[in-house]
Amino acid sequence: MGIYLPIAEMSVNLFVLLAMGATVGFLSGMFGVGGGFLITPLLIFYNIPPAIAVATGANQVVASSFSGALSHMKKGTLDFKLGTILLAGGVVGSTVGIYVFTLLRAVGQLDLFISLLYVVLLGIVGGLMLVESVRAMRRARDGAVPTLKKSGQHNWIHRLPLKMRFRTSKLFVSVIPVIAIGAGIGFLSSIMGVGGGFIMVPALIYLLKVPTNVVIGTSLFQIIFVSAYTTIVHATTNFTVDIVLAFALMLGGVAGAQYGAKAGQRLRGEQLRALLALLVLAVAIRLGFDLFVRPQSIYSLATPGY
Amino acid sequence: MLIIMAMPVAAQEAPENLPALAPASEQQPLQQNVNPELIQIGLSTNRVEITADFDGADLTIFGSVENLDPLVSRQGRYDVVVVLEGPPREVVVRRKDRVLGMWINMASETFVNVPTSYSVATTRMPQDITDANSYKRLSLGADNLHIEPIDREGNPVTIEEFRQALRDRKAAAGLFNMRVGGVEFLSQSLFRASLPLSPSVPVGTHKARAFLFKNGVFISESSDYLTIVKAGFEQTIYRFSNNHGFAYGLLATLLAVLTGWLGRLVFRRD
């Protein structure tokens, strides 16, 4: 069944969108990430203009992260204080990101920049996660006790000034790296149309040593607001949010997410991380492939001001 | 496939409204009429709505030829070309070049007043209707469209390269197209043209023009306007998003929050 997208000004298949949303929702529920890093490239592969894919992806992430954050709030695995400070940084980063987005779009380099960011970030994150999870699986097979968090070990981040106490996370740390991480994620969110969970989760675990059970809920909490902010700013400055497209993706997404969360509970942590790493790497390779292979036509048309 | 009909309008035009180009039938002076042939098209509907399930359509335009010479008509020497031209817009054509192994947008050329779409329907193969010069003089056909660069002092070779690329890309997107045999004579004087509207047909005012040729010579032209709009709901969304971006963004966000909340209620599995 065809459905006309009023902002993208094209006709697409509704069932493809629902299936796309459900698949991504399933994976995001399983791995505890927003799923934006999957939905935006998928939309681009489906010939949705990248500018619309990014802004609409951000809108879709609001729905999936809100749905996820609700369940974490219930379980008490959400650090509101940490989330709010991450958010303050996120709003700044997002504003800068939107400005860069508009600039790149005007000079015709937006598509390239989005693809490059995806390839580099997904490549790095996916690669690191794969190495880490394979090591963990080996250790588990050898019967060693997994030691992810070494307490008492402090890195340079813990020597920064302006320290603050975060009770839920059992953390006493400077606000500088918290704001910096938030800003970085906000920037990526507005340019890539992602919530940034796939970067936020490792950053909070490895850099700030936030307990793993609090990380996902807190990251989802800040992602709701940053992606909501990104959606609103994209809608105001670039007019690129397609509400019909976003809604079709959300419908599939929220259903898939709850089933995915259940499926995820049956897998062990390191297996889950290894699978997510493979998925992330696959998206990176697919996008990288497009950059290096001669395009079908080297020419493209654009309407200025759109 | 949806078919949009456009019925002929009764001859409202008085003969003195004839196009300036008088019939040039010096090749066959014997057949010269007192009243030159007059082509007319009319659209019963001047508005086509694009609805949520729109995936392309066929636009049918009816028209008639008046004062025709029965002899020429019997020999099938009358030809009609119908064109539907989309609203003009500025277009940037970009070319990707290989940089460090990657394909990156480098050179670009901007053209002004490029019709967003250009559909042609003809009675026969275009080269059998009239000669290339005639098409050029009338700017008829995608290859003869006057596509003006914004920077007129640019290198003509580069401009021509990008102009050709523009036509190619438009054709690949189904926006520039030609249907040979798309115009049929239903009777001696009544004809029907069918033109494809692509799924990505641009909204705005489209101009329909019909050209009459007799023995390969251009005789007369008639035109009418057609407005393509998004239907109620789609149009409301589009307008709202462009005029009230902030409120639209807020609404999109609220919708997402609501969907997320309801989704959890309906599908929760923990």
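The model is predicted: local features need pLDDT of at least 70, side-chain atom pairs count only at pLDDT 80 or more, and totals for chains, interfaces and linings use all residues. Residues are numbered from 1 along each chain as its sequence is written, chains are lettered from A, and side-chain values use heavy atoms, without hydrogens and water.

**The interface**

- In chain B, 57 residues are in contact with 54 residues of chain A; contact means heavy atoms within 4.5 Å.
- The two chains bury about 5,000 Å² between them, and 66% of that is on carbon and sulfur atoms. Buried area is the accessible area (1.4 Å probe) that two parts lose on being put together, summed over both.
- The rule finds ten residue pairs in polar contact across the interface, both residues at pLDDT 80 or more. A polar contact is a pair of N or O atoms within 3.5 Å; within protein, one must be able to donate a hydrogen and the other to accept it, and residues adjacent in sequence count only if both atoms are side-chain atoms.
- On the side of chain B that touches chain A, β6 (88-99), β7 (102-115), α4 (156-172), α5 (232-243) and α6 (245-267) each supply at least two residues. Helices (H or I, at least four residues) and strands (E, at least two) are DSSP runs, numbered from the N terminus.
- The largest share, 17 residues, comes from α6(B).

- Four strands form an open antiparallel sheet in the order β5(A)-β6(B)-β7(B)-β9(B). Two strands pair if DSSP finds at least two bridges between them.
- β5 of chain A and β9 (148-149) of chain B stand at the edges, each with a single partner strand, so one side of each is left without a neighbour in the sheet.
- Strand β5 (residues 299-302) of chain A pairs with β6(B) over four bridges, in the antiparallel sense.
- A:Ser300 has B:Arg94 as its bridge partner, and A:Tyr299 stands opposite B:Arg95.

**Confidence in chain B**

- Chain B averages a pLDDT of 81, and 86% of the residues score at least 70. pLDDT is the predictor's confidence in each residue, from 0 to 100.
- Confidence is lowest in strand β1 (residues 2-6), at a mean of 52, and highest in strand β8 (residues 118-122), at 93.
- Over residues 7-31 of chain B the pLDDT is below 50. Where pLDDT is low, the predicted coordinates should not be read in detail.
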